[in-house]
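Here is a protein chain to explore together.

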Amino acid sequence: MAFCWWDMQRDDMLPNPLAWPVGRRRLLLAGGAVVAAGLIPSLPRQARATELTHTLTAGPGRVRLVGDEYPETTVWAYDGRVPGPEIRVRQGDRLRVAVTNRLAEETTVHWHGVRLPNAMDGVPHLTQPPIAPGETFVYEFTPPDAGTFWYHPHQNSAEQVGRGLAGPLIVEEREPIQVDRDLTWVLGDWRLTKDAAISDGFGNMMDASHGGRLGNTPTINGQLLEDYPVRAGERVRLRLINAANARIFGLRFQGHRPWIVALDGQPVEPHEPDDGRVVLAPAMRIDLVLDMTGSPGDRATVVDDFYRNLAYRLVDLAYGTEPLRNRPLDTPIDLPSNALPEPELSGAVRHEVTLGGGMMGQMTGAMVDGTMTDIRAMMRRGMAWAINGIASSGPDGHGGGHVMEPIVTLERGRTCVIMMANETAWHHPMHLHGHSFRVLSRNGQPTRFREWQDTVLLAPRERVEIAFVADNPGHWMFHCHILEHQAAGMMSTIRVA
Ligand code: C2O
Ligand code: CU
């Protein structure tokens, strides 16, 4: 079947900027469309406080995602903003967030990547009852790790995140590295109609069985940006968060040399990205140190060319006329490491996890609700994927409250090595809740940095080996973060007892 999502672009859709050559996207919103840099307003952080109390309200809102000549877009948002407010704490601070639901349906908040107690993990039916409309739930935890995290619902996730519910959670180091600006870019991807309304059709099988719901409007902090102002000589820490349902970003900062200093919040030996491209699958975070080595008045394009033949210009770094200094800082950029338990490979318990299904795959069927079901019957029920031969949309899917058996139960404190085999023709960013894991190898080749991640991207047919200490008791989700894949069966759980 040769269907591609972009064949589906209809007359009532915004022109797809992704199909346009780099440099032409400006035409999409000619005139009046230049939006000032999208800074996310932060919730105020009290100096020296050790407990920080915030409120967040999930509800409908209206925001301007594209230029002035388009109407506002009706979204679902935290505190009426897209992305939601940036919550900033310092490592060791206790965080308390009272979440009120003003949506017309149940919701929860998951604190993606934070190694917190199971009861605070925000998975409906598994770790808490969903928050009913009109109700409030208080999340309370002390994030153990400094780094870049984010929050989003885990109920009807594909639609709730796809309509705008997502926000950054930044845990600052007690002694941060020296930079001139610490910036967050929440990357979004919207499928908009010509009236800048969010296109319906969440949960359709075309998206679910292919690459997920890819959009036509990539945004930075909730805006389609032309320019991002920078100054010559400044050093920026750029915290990238991919909050898109399905889009994988592959960013090139033309004329610049970004250094990767953290992956999924966890410090990594500073290095330049392979082939100069910063690849960020849904739910992943990458912290960059970016020196503005251009001259006053320069422009430098940030191109996203992850999908072949679909390169487009995401934004231009626009240099102001005044330099900040004549040469960039040359202070160290190594982040202090977090206290993660080191896996002990010799005594490890080993498991295999196989990802199957989707278009152009070999999977002929899978277990659905305890019954072997062939792939056509699965698709009629909205399922297209399986983990170890079991398709489950889990507690947050259309199965509604169906709590599944864990695929693996681990003894607390034990090191676990999981070999994941992607037997599909598609990419899958696999996310484990409650833990960070080391990525040991890809296709049998040891990784260079044995990086810590909580979401690891598997290319089609790739085999990835991860290891972690199962030190956090509870029932944890383990799923693909292409949210349409998750909803269509690529969902499972791991229990630490
Ligand atoms: Cu970002 Cu199961 O979540
Ligand atoms: Cu997937």
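Which residues line the second largest cavity? They are Arg115, Leu340, Pro341, Gly434, His435, Ser436, Trp452, Phe468, Val469 and Asp471. A lining residue has an atom within 4 Å of a point on a 1 Å grid over the protein atoms alone, and a cavity is a set of such points where a 1.4 Å probe fits but cannot get out.

Before going further, please keep in mind that this is a predicted model, in which local features need pLDDT of at least 70 and side-chain atom pairs count only at pLDDT 80 or more, while totals for chains, interfaces and linings use all residues. Residues are numbered from 1 along each chain as its sequence is written, chains are lettered from A and ligands numbered from 1 in the order in which they are written, and side-chain values use heavy atoms, leaving out hydrogens and water.

**The whole chain**

Of its 497 residues, 62% count as buried, meaning under 20% relative accessible area with a 1.4 Å probe, protein chains only. Among contacts (heavy atoms within 4.5 Å) between residues at least 6 apart in sequence, 78% join residues at least 24 apart.

The search of the whole structure finds 3 cavities of 30 Å³ or more. The table sets two of them side by side. Here a volume is the space filled by probe spheres set on the grid points, which are joined across faces, edges and corners. In the classes, Ala, Val, Leu, Ile, Met, Phe, Trp, Tyr, Cys and Pro are nonpolar, Asp, Glu, Lys and Arg are charged, and the others, Gly among them, are polar.

| Space | Volume | Lining by class |
|---|---|---|
| Largest cavity | about 180 Å³ | 9 nonpolar, 7 polar and 3 charged residues |
| Second largest cavity | about 40 Å³ | 5 nonpolar, 3 polar and 2 charged residues |

Around the largest cavity, the closest of the 19 lining residues to its centre are Val161, Gly188, Asp189, Trp190 and Ala243. Helix H1 (157–162) and strand E9 (181–190) each give two or more residues to this lining, and E9 gives the most, with 5 residues.

There is also a pocket to find, which is an open set of grid points with protein on both sides within 12 Å along at least five of seven lines. The largest pocket has a volume of about 740 Å³. Its lining counts 23 residues, with Asp274, Arg277, Val279, Arg442 and Glu451 nearest the centre. By class, this lining has 11 nonpolar, 4 polar and 8 charged residues.

**The copper ion**

Now look for ligand 2. This copper ion is coordinated by His428 (ND1), Cys480 (SG) and His485 (ND1), at 2.0 to 2.1 Å. Donors are N, O and S atoms within 2.8 Å of the metal (3.2 Å for Na, K and Ca), and sites may look incomplete because water is not among the atoms. Along the chain, the donors follow the spacing H-x51-C-x4-H. Both Cys480 and His485 are buried.

**One strand residue**

Finally, find Ala467 in strand E32 (residues 463–469). Why does Ala467 count as buried? Because its relative accessible area is 0%. Leaving aside residues up to four places away in sequence, Ala467 touches Pro343, Leu345, Cys416, Val417, Phe437, Arg438 and Leu440. Cys416 is 51 residues from Ala467 along the chain, yet their C-alpha atoms are separated by 5.5 Å.

Definitions and conventions. Helices (H or I, at least four residues) and strands (E, at least two) are DSSP runs, numbered from the N terminus. Buried means under 20% relative accessible area, exposed over 50%, partly exposed in between (1.4 Å probe, protein chains only).
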